[in-house]
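Hi,

Here is the structure I promised to pass on.

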Amino acid sequence: MEGAGAVALAPAVRLTGVTKRYGPVVACAGVDLELLPGEVHGILGENGAGKSTLMKILIGLVQPDEGTVELGGREVVIHDPQTAAELGIGMVHQHLSLVEALTVWENVLLGDASKFDRSAARRQVMETAEHYGLEIDPDRRVGELSAGLRQRVELIKCLRRDPKILILDEPTSVLTPAESEQLFTTLRDVVAAEQRAVALVSHKLAEILHATDRITIMRQGRVAERSRTVEATAPALAKAMVGRDVSLRTNAAAFGAIDLIDQGDPADQAVRAERDEAEAAVVAADRAARPVVLSIDRARLMRDGVTLLDDLSIEVRAGEIVGVAGVEGNGQRELGDLLSSLVTLDGGSVSVNGTTARTGRAGCMADLGIGVIPEDRHDSGCVLDMSVAENLVLDRIGSTARMGLIDRKRMRARAVELMREFDIQAAGPDAPFGSLSGGNQQRVVLARELGHRPTVLVAAQPTRGLDVGAIEYMSNRLRAAAESGIAVLLISTELEEILALSSRIVVLSRGRVIGELDRREATSERLGLLLGGVGIDESTGASA
Amino acid sequence: MIASAASAVGDVLSSEAMYQSAMRFAIVLAFAAVGEWIAERAGTLNISIEAMMIGGAYSSAVAWGAFDNVPLALLIGVLMGVVVSLVQAHLSHQLSIDQFVVGLTLNLFVLGLALFLDSRWEAVTSVVKPTKVPLLHDLPLVGEALFGQPWPMYLIVPVVPMAWWLVFRTRWGLEVRSVGDNPQSADVSGIHVNRRRREAIMVAGGCAGLGGGVLVLGQISIAGYEGGHVGLKGIIAIAAVIFGGWTLRGTLIGCVLFGYFFALQQTLPVLGYRINAQLAASLPYIVALLVTAVFATRTRQPRALAQPFVRGLT
């Protein structure tokens with residue numbers, strides 16, 4: 001049991017019965033949480049489990065409807081981030097809180113209430129950086145920095161204010177594996193040497209097990225389970241997180257747990273690996289014999305003097321899933337835009353079965369049989385205010401229209417058919433799209449794209465923000481699509497998702513392909529090196 | 001034809017009056033443009049800068065007629081600019097009404113109001129005699145332009161460095177720049193985004209009001225105060241900010257450029273050149289249009305320019 005036998009440490013922060021409702025949705029329901037000084041406390045849960053809301057309450061961005069917050073035994077009301085900072089609570093945000101146009105020291109100073117002193121601020125930045133071994137140039141503009149360095153700035157910004165409580169919200173989503181490792185090392189330091197309390201919010205089992213002392217698992221706004229990390233096992237955590245027994249192996253993508261699986265029983269692992277190897281070799285040989293369907297040839301895209309796609313070449317064969325891995329912001333969005341006919345190339349070409357697309361013309365890619373599940377389904381995947389049926393026929397409205405008039409009967413018949421086939425849970429074809437859950441919205445997009453029997457399916461971050469069940473469904477659909485002969489291009493920043501689904505993996509860095517691996521040769525370490533921008537020749541050279 | 005064009009250019013370039021007139025226009029534009037620059041750095045494309053200028057111009061003129069005191073008249077112009085800016089700031093950054101709808105409406109409303117009131121309280125204009133700086137004033141060509149202006153014009157000399165200092169050397173300025181570039185980040189850092197934006201608009205109102213006052217009291221037009229006195233100079237100030245790529249120095253260069261074209265329209269007839277009056281009058285606006293088309297690239301503008309901020313939407 002918690003605290004039994006251990007020295008009773010006064011918690012740095014104690015939340016009691018915290019409840020937050022957004023209309024009918026309860027984001028947090030009577031949550032109790034204690035963060036102890038000198039500990040990293042993992043807060044684990046699926047998307048929408050209430051982790052982020054809870055942290056926003058601590059940082060003052062959200063006010064709880066019920067419940068109390070105590071700091072060092074004293075009840076406090078945190079109106080805004082400024083109050084939180086004064087009380088000694090600092091947060092490293094998931095989508096970083098930095099301003100690109102400002103320099104490092106300006107960003108560190110932002111939001112402070114102290115005297116505005118340039119040289120003192122610069123000195124403090126350098127001192128803090130040195131103290132924690134987070135080297136940084138205070139005069140660089142943040143916009144020029146890599147995601148890893150930006151997070152370093154964010155950490156310095158927090159640590160400079162000497163917080164008693166440090167919150168990190170999904171901190172590794174923008175980091176390479178090496179950068180993540182370094183972050184955790186710093187955190188250990190912060191916790192052990194300086195007795196700060198750290199809350200690490202994550203949906204990745206592996207990093208929660210690796211980097212925390214104590215775990216609180218949230219599900220549907222409630223605390224599902226608490227445990228000490230040393231006593232926790234991955235399957236138990238997964239079960240508590242989802243609320244049912246789940247296979248870590250088939251859901252590796254959802255749990256960020258590829259590494260954990262590989263650590264299973266060695267004998268069993270060897271047998272399995274051998275079998276997988278043999279199977280994969282046959283499959284790979286079979287795949288190599290199939291025709292190339294989608295061919296992107298030296299695609300070049302510039303904007304305002306910045307090269308976004310740099311001689312990017314990718315081929316996808318019929319029936320295979322090619323995974324495009326990379327740290328966010330390395331050309332994934334542009335690649336998705338290109339295949340959605342949203343951008344005009346400055347060089348190179350895209351062709352499907354030998355027919356070259358006239359890039360930049362609206363619909364040019366769809367005409368070639370490319371279906372796209374876009375990165376942001378709200379922004380470019382669908383229209384929230386329209387009905388499910390309208391969204392399902394949106395891109396090929398001609399197929400349900402007669403002489404320019406929409407045949408509503410036909411449209412709804414088509415919608416009902418697709419809703420059944422893809423198991424879309426909605427009040428009916430006329431239900432507003434916005435009323436659907438995230439998973440069902442994504443199914444609508446999937447149904448629309450697959451409904452046209454595309455020759456190529458592009459899936460950009462297809463499982464972002466979905467829960468485990470929805471992720472599982474999406475993964476199965478993508479596999480089935482490939483098996484039916486569709487060439488699938490999977491663009492994802494989740495390494496686990498790429499590893500779980502792809503038969504071939506290309507790695508993007510700064511808009512160019514810096515490595516291509518067969519699934520059989522792809523290990524987390526190898527991919528990790530590539531993600532860090534080390535080219536394939538260099539990485540093999542280094543390991544030799 | 002070419003020869004005559006060349007000689008016209010020569011005449012214009014060697015005309016002292018031309019430089020003086022261009023400098024006056026440039027300075028008046030610069031007051032408004034500096035204010036607009038601050039508002040835009042905070043993320044507001046503040047088109048009601050025109051209304052703020054009109055408010056400043058009309059109230060300065062009335063105040064001068066009433067009190068016969070130039071500093072007081074200018075001060076009242078500044079205050080009226082701020083009053084107009086309060087309306088813009090409150091409607092667009094508190095009630096979250098579209099900033100362009102507010103700005104456009106405000107421009108028409110204040111212009112109409114000034115025209116209407118003009119029929120009741122007659123505005124008087126332009127009496128400040130030029131201050132001639134000894135010796136320097138006698139410099140060839142530019143002496144008169146730089147060292148022989150009415151004293152209110154020289155208020156631009158402290159205003160520009162103060163604006164720079166405010167934006168780049170104060171906490172307020174840092175916060176203003178952050179809300180113009182990434183309001184979400186500024187918000188999580190604990191900055192009141194819309195409050196900073198409102199304040200920046202008020203600074204713009206003060207600057208534009210002063211510009212309006214200087215315009216009427218600094219004897220720019222030959223005629224006295226007219227209802228449409230400001231004549232879209234506020235809009236041109238916006239073009240100057242765009243031309244300057246949202247830097248202060250570039251904005252000032254833009255003001256000089258546009259001031260030059262305003263001056264052409266006045267000076268060419270004086271120099272004896274016949275030019276279609278309508279064409280001459282529209283020259284600055286044509287140039288402004290070309291300039292915005294060429295210079296309005298997204299790379300240099302504040303990233304959240306003209307984007308409203310509502311908390312919770314990310």
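Below is what I found, starting with some ground rules.

It's a predicted model, where local features need pLDDT of at least 70, side-chain atom pairs count only at pLDDT 80 or more, and totals for chains, interfaces and linings use all residues. Residues are numbered from 1 along each chain as its sequence is written, with chains lettered from A and ligands numbered from 1 in the order in which they are written.

Chain A has 21 helices and 22 strands (DSSP runs: H or I of at least four residues for helices, E of at least two for strands, numbered from the N terminus). Of its 544 residues, 48% are buried, meaning 20 or more other C-beta atoms within 10 Å of a residue's own, with C-beta atoms placed from the backbone.

The bit I'd look at is β7(A), residues 165–169: five of its five residues are buried. A:Ile165, A:Ile167 and A:Asp169 point one way, A:Leu166 and A:Leu168 the other. Strand β6 (89–92) of chain A runs parallel to β7(A), joined by four bridges (pairing takes at least two DSSP bridges), and A:Ile89 has A:Ile165 as its bridge partner. β8(A), residues 197–202, also pairs with β7(A) in the parallel sense, over five bridges; there A:Ile165 stands opposite A:Ala197.

As for the chain contact, 18 residues come from chain A and 17 from chain B (C-beta atoms, placed from the backbone, within 7 Å). On the chain A side, α2(A) gives the most, with three residues.

Cheers

Technical notes
Two residues are in contact if their C-beta atoms, placed from the backbone, lie within 7 Å. A residue is buried if 20 or more other C-beta atoms lie within 10 Å of its own, exposed if 12 or fewer, and partly exposed in between; C-beta atoms are placed from the backbone.
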